[in-house]
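Let's take a friendly walk through a protein model together. Have the sequence and the 3D view ready.

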Amino acid sequence: MPTITSIRGLEILDSRGRPTVKAYLELADGVTAAASVPSGASTGKSEAHELRDGGKRYHGYGCQNAVRSINDTINLSISGHSIENQLVLDNYLLDLDGTANKSQLGANSILAVSLAFSRAMSVYQQQPLYHYFSYLLKQRLQYMPRPTINLFSGGKHAGAQIPIQDLLIVPMQSSTSEVLECAYAVYQAAIKLCQQQYQMRALTADEGGLAPPFKSITEMFEVAVQSIENSGYRPGYDVKLAVDVASSHFYQDHRYYVTSDGVSGAQMTQLLTEWVTQYPIISLEDGLAEEDWTHWTMLQQAIGSECLVLGDDLLCTNPGRIRKAIDQNSANALLLKVNQIGTVSEAIDALMLARNAGWKVTISARSGETEDDWLADLAVGWQADYIKIGSITQSERLSKYNRLLEIERELQLKIKN
Ligand code: PGA
Ligand code: ZN
């Protein structure tokens with residue numbers, strides 16, 4: 001590895017028009033690489049700290065301090081050194097920050113540098129980024145990840161017109177190109193149905209999902225199933241469903257406000273179990289709140305054999321929380337978002353813990369994204385079972401889908417069944 005000559009940060013804007021961080025890393029032999037980081041809206045309490053400026057500018061969302069972390073602290077301490085691998089760099093960044101949740105330098109600046117280093121290494125080694133990521137895990141590339149694609153949104157990603165955050169379709173075809181063709185057909189059928197039933201234009205939520213004013217959660221499921229049928233595909237065979245309930249965001253004083261009076265944890269578990277019985281749901285994310293460990297275990301016992309019990313806010317890609325969930329049998333799948341933990345190496349620890357416990361892994365984008373496409377390389381390189389990018393509208397989502405198409409053409413691999 002040649003000497004790193006400079007590391008620079010830039011404040012850019014994400015898909016919500018809010019600032020985020022891009023890092024540029026330059027090597028002595030002239031290689032330069034850059035990477036930008038996403039940002040969540042429906043965040044878990046245990047996520048690494050995203051450094052924001054506060055104050056009036058961008059309603060407090062400014063990232064000038066995070067950029068300063070890169071230009072000053074990180075650049076001054078690392079430039080001029082030759083860093084031999086990803087783990088050495090990431091440990092160096094952790095030491096420089098010195099806090100448990102990266103609040104000194106900011107997880108946004110740390111991750112931007114960690115990812116820019118990954119890209120610089122792949123350019124330096126003249127290999128695609130997915131190969132670099134697979135090499136970190138000594139992972140053979142055998143299949144493509146299966147996309148789970150947002151159809152309808154509510155909660156914090158839309159106007160909270162329904163409490164459920166995302167209803168996703170999971171097309172079951174064996175190639176990314178067929179999956180996207182199917183997703184387009186279902187999405188168009190859903191637009192038509194929503195125009196008829198709600199007289200609405202195709203208004204979209206943060207991740208490009210449609211956000212009609214459903215009268216109930218049941219209605220959302222029924223319209224999804226009907227859209228699949230109207231598109232000529234068979235619900236439960238050609239297209240299955242996934243749900244991100246994101247229930248931490250309507251949980252208060254031990255009650256889940258799926259209705260105005262709210263329900264108890266046991267009743268919520270029962271309701272989730274009924275959904276899985278009634279609809280072709282293969283993945284249920286954050287069905288319960290991030291601190292409601294008891295009911296997570298009950299849910300895993302009830303539906304874990306037929307459906308992914310997927311932890312996002314529950315786990316926050318945090319090895320400590322994943323270990324606890326394995327010990328308590330609280331879930332059977334990890335939603336991996338690299339910026340929840342803040343370095344590539346720590347995300348590997350999270351992934352390996354989940355894998356060794358026999359869990360499935362979904363690698364996910366955030367609701368605030370940039371046009372950077374590293375997520376597709378990461379999901380292939382780390383052989384994720386599923387990838388969650390959002391809907392098939394909006395360029396910050398399509399950059400990743402289009403990158404998956406490129407990788408699929410290069411590797412000639414199928415999606416795992
Ligand atoms: P976020 O949501 O990126 O807004 O946190 C995505 C999710 O909950 O999966
Ligand atoms: Zn989620």
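## Before we start

This is a predicted model, in which local features need pLDDT of at least 70, side-chain atom pairs count only at pLDDT 80 or more, and totals for chains, interfaces and linings use all residues. Residues are numbered from 1 along each chain as its sequence is written, chains are lettered from A and ligands numbered from 1 in the order in which they are written, and side-chain values use heavy atoms, with hydrogens and water left out.

Helices (H or I, at least four residues) and strands (E, at least two) are DSSP runs, numbered from the N terminus.

D244 is buried, with a relative accessible area of 1%, and E285 is buried at 2%. Buried means under 20% relative accessible area, exposed means over 50%, and partly exposed is in between (1.4 Å probe, protein chains only).

## Helices α2 and α3

Find helix α2 (residues 86-97) and helix α3 (residues 107-124): their axes come within 10 Å and cross at roughly 165°. That makes α2 roughly antiparallel to α3. Axes are lines fitted to C-alpha atoms, for helices over the stretch in contact, and angles run from 0 to 180 degrees between N-to-C directions. Angles under 35 degrees count as roughly parallel, over 145 as roughly antiparallel, 65 to 115 as roughly perpendicular, and the rest as oblique.

The crossing of α2 and α3 is right-handed. A crossing is right-handed if the near helix is turned clockwise from the far one by less than a right angle, and left-handed if anticlockwise. On the α2 side, Q86, L89, D90, L93 and D97 meet I110, V113, S114, F117 and S118 of α3. The residues of this contact divide into five nonpolar, three polar and two charged. Ala, Val, Leu, Ile, Met, Phe, Trp, Tyr, Cys and Pro count as nonpolar, Asp, Glu, Lys and Arg as charged, and the others, Gly among them, as polar. Contact means heavy atoms within 4.5 Å.

## Helices α4 and α12

Now turn to helix α4 (residues 129-137) and helix α12 (residues 374-381), whose axes come within 8 Å and cross at roughly 40°. That makes α4 oblique to α12. Their crossing is right-handed.

Here L129, Y130, F133 and S134 in α4 meet W374, D377, L378, V380 and G381 in α12. By class, the contact has six nonpolar, two polar and one charged residues.

## Around helix α8

Which residues of helix α8 (residues 293-303) are buried? They are W293, H295, W296, T297, L299, Q300 and I303. These buried residues pack against α7 (265-278), β9, β10 (308-311) and α9 (319-327).

S330 sits in the loop between α9 and β11 (333-336) and is buried, with a relative accessible area of 0%. Not counting residues up to four places away in sequence, S330 touches W293, W296, T297, Q300, V309 and A325.

Most residues other than glycine have a negative phi, and most peptide bonds are trans. K102, which is not a glycine, has a positive phi of about 65°. K102 is found in the loop between α2 and α3 and counts as buried at 3% relative accessibility.

T317 is not a glycine either, and has a positive phi of about 50°. T317 lies in the loop between β10 and α9 and is buried at 0% relative accessibility.

How many residues apart along the chain are A34 and D372? They are 338 residues apart, while their C-alpha atoms are separated by 9.2 Å. A34 lies in strand β3 (residues 32-36) and is buried, with a relative accessible area of 18%. Leaving aside its neighbours within four places in sequence, A34 is in contact with K22, A23, Y24, A116, R119 and D372.
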